Amino acid sequence: MVAMTNSAAVLADAAAYAAAVEEASRAAAAYYATGESALDDEAYDRLARGIAAYEADHPDEVLADSPTGKVAGGAAVGDVPHTVPMLSLDNVFSAEQFGTWTASLERRIGRPVTAWSVEPKLDGLAVAARYRDGRFERLITRGDGQAGEDVSHAAAAVVGLPQRLSAPVTLEVRGEILMTNEQFEQGNAIRTEHGGAPFANPRNGAAGTLRAKDRAYRVETTFFAYGALPLPDSGALAQTLAELPHSEVLSYVAGLGVHTAAGTDVAPVLATTVEEVQARVDAIASLRAALPFGIDGIVIKADPAADQREAGSGTRAPRWAIAYKLPAVEKITRLLAVEWNVGRTGIIAPRAVLEPVEIDGSTVGYATLHNPADITRRDLRLGDQVMVYKAGDIIPRIEAPVVHLRTGEETPIAFPESCPQCGSDIDASEQRWRCVRGRSCRLVASVSYAAGRDQLDIEGLGTTRVVQLVEGGLVADFADLFTLERAQLLALDRMGETSTDNLLAAIGTARTRPLSRVFCALGVRGTGRSMSRRIARYFATMDRIVAADAETLQRVDGIGKEKAAAVVAELAELAPLIDKLVAAGVNMTEPGATPPPEPGTENEAGAADDGTNGAALPLTGMTVVVTGAMSGALEKLSRNQMNELIERAGGRASSSVSKRTSLLVAGEKAGSKRTKAEDLGVRVAEPEEFAELVGAFLGAGEES
Ligand SMILES: [Zn+2]
């Protein structure tokens, strides 16, 4: 499940070794001084492993400035001594290596470890925060582990690090300072506004922000505590902290008002066996891409205080904790070009073309860029070295340019002056640029989408036919399909009597599709198939959807404030098309759905949106994911039809397994989703078992 390459740079001779040591030291020094490095994490680790391998073969040639075995790669900064050294952690990369490590720890202490704390390894900077009598006193970076830099000036802008604790205690809290994804976006926006260069990634942003003094602007970071220890005058608390299991130290710190990872999706949990630890490691790894902050691994600690004490520490790392590293999800590569593509709704979206780079097991050649303002905000230029992030199934994104790697050869990114699809003007009044022709710009695409299998499902209306209809001037939007006449179709090339009649019959059937399909066919931005079903089930009729204001729309599961406003605006734009559809006799109601109560008559029952006036449905409150090939009664259902079935039965259909999943319907050839569900303890049902559960809803709702 969690796998990564731990390859090493191959160093052929003493000269290559010396050059590698110099490069690694320079990178470590730059990183620890400014948060910027010419090497991404994986490149640095590869170099460090090559150096270590060479030193193992040539122990008499080891250079004094080698980063091997040194905290922070030997980069020394700061002069505030740590009361207890701030060590690094050793790494493992697989379940097997983790098993070996636990066995050696248990051998050392002469008994099994009864509890392991499994925590996220946050991708930030380790710091120590000292409190005296409950008041914040000093914030110190890790530095070289023996002494760090005083960065107390930055503490006020660190979320989660209170100025006063809830009790007047004296202690040192240790943890990680990072930028959440949101803080990173905000921070870079503020920096570029002030003429500064953007940070390449959130970690560099946190490092740079912590060290910066006298900035004209404020950039926030977030603290996550991972431990606490007494200071010389802690008094009785020293004994308490020494005796508490690690997990209780974390609860104690949280109780003082300091932020910890508790309450996040990757909150620390206790595990009692190696298998349980591994299951939690896999679960955290699978949540990684969706987290609002970066993690680069999982930390596993022996929880009992006595175990930690007896295991002790080496010069570089404690023996009772280990970092289970996850594959790198960030790489530096070059931005080669920006493509401008016009979407179905006329939106002109930029896409970055990258020098292909391998990240998290796949080759990344493109990344999303959102909109022109996004490019300006990031100060991206063609030829830039950029930090690219890709984890799990997410679309790769550019974090920022690595500004200190600029050569001066970089050129500005040209924005289109007219629609790259049709040459019309561009409406640039909003962040997302749009062709002034809107949906008409990509008429063929939008009509084909409406006729598609998961929307109106008009058989015999492939792209070639749509092109004929559009070019022949017969169709200016998809409502025109419903008023096509037999003679018009017969006049088209390669259109015989039979295909004409078949197409007209298919269009006739399309007129009776449920509202969810008709709504989906409109192609309202931000509403795909499942959102369209939720909207249709909630409102039951098109009239009610169109009449809803942004506030009412937000009652639909998954619609936030921003999306609600966008949907309202878009529906206003689509009103003439909707009127045309109504006039053409297209169905505008959702079978089985009951409209919501009128405002003011609503009570706590409020369950009318499941379409049954509150009667319990077999999947009420459940989130269901389908994977693999369906069989038995479900064999002929497309994935979309399966999702419709789930929603008719009161559930919510989702495409990815998470800890919020209630049930996974797994057919034959179910792959990673099944494994993930089993790891997370999610209930798994065979198609036959599921068919029995929702049998009453099979075949209902489809008008065709
Ligand atoms: Zn256009």
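Analyst: Contact here means heavy atoms within 4.5 Å, and helices are DSSP runs (H or I, at least four residues), numbered from the N terminus. This is a predicted model, in which local features need pLDDT of at least 70 and side-chain atom pairs count only at pLDDT 80 or more, while totals for chains, interfaces and linings use all residues. Residues are numbered from 1 along each chain as its sequence is written, and side-chain values use heavy atoms, with hydrogens and water left out.

User: Which residues of H11 meet which residues of H12?

Analyst: From H11, Leu443, Val444, Val447 and Ser448 meet Thr463, Val466, Val467 and Val470 in H12. By class, that contact has six nonpolar, two polar and no charged residues, where Ala, Val, Leu, Ile, Met, Phe, Trp, Tyr, Cys and Pro count as nonpolar, Asp, Glu, Lys and Arg as charged, and the others, Gly among them, as polar.

User: How is the geometry of such a pair described?

Analyst: Two packed helices are described by the angle between their axes and the distance between the axes. Axes are lines fitted to C-alpha atoms, for helices over the stretch in contact, with angles from 0 to 180 degrees between N-to-C directions. The axes of H11 (residues 443-451) and H12 (residues 463-471) come within 9 Å and cross at roughly 125°. H11 and H12 are therefore oblique to each other, since angles under 35 degrees count as roughly parallel, over 145 as roughly antiparallel, 65 to 115 as roughly perpendicular and the rest as oblique.

User: At what angle do H16 and H20 pack, and which classes of residue make their contact?

Analyst: H16 (residues 529-539) and H20 (residues 639-648) pack at about 30°, with their axes 11 Å apart, which makes H16 roughly parallel to H20. Arg529, Ser530, Arg533, Arg534 and Arg537 in H16 meet Asn640, Asn643, Glu644, Glu647 and Arg648 in H20, a contact with no nonpolar, three polar and seven charged residues.

User: Finally, which residues coordinate the zinc ion, and what is the geometry of its site?

Analyst: Donors are N, O and S atoms within 2.8 Å of the metal (3.2 Å for Na, K and Ca), and water is not among the atoms, so sites may look incomplete. The zinc ion is coordinated by the SG atoms of Cys419, Cys422, Cys435 and Cys441, at 2.2 to 2.3 Å. The site is tetrahedral, with angles of 105 to 115° among its four donor atoms; four donors count as tetrahedral if all angles lie between 85 and 135 degrees. In sequence, the donor residues are spaced C-x2-C-x12-C-x5-C.

Technical notes:
Helix = DSSP H or I, 4+ residues; strand = E, 2+ residues; numbered from the N terminus. Tetrahedral: all angles 85-135°; square planar, octahedral: opposite > 155°, others 65-115°.
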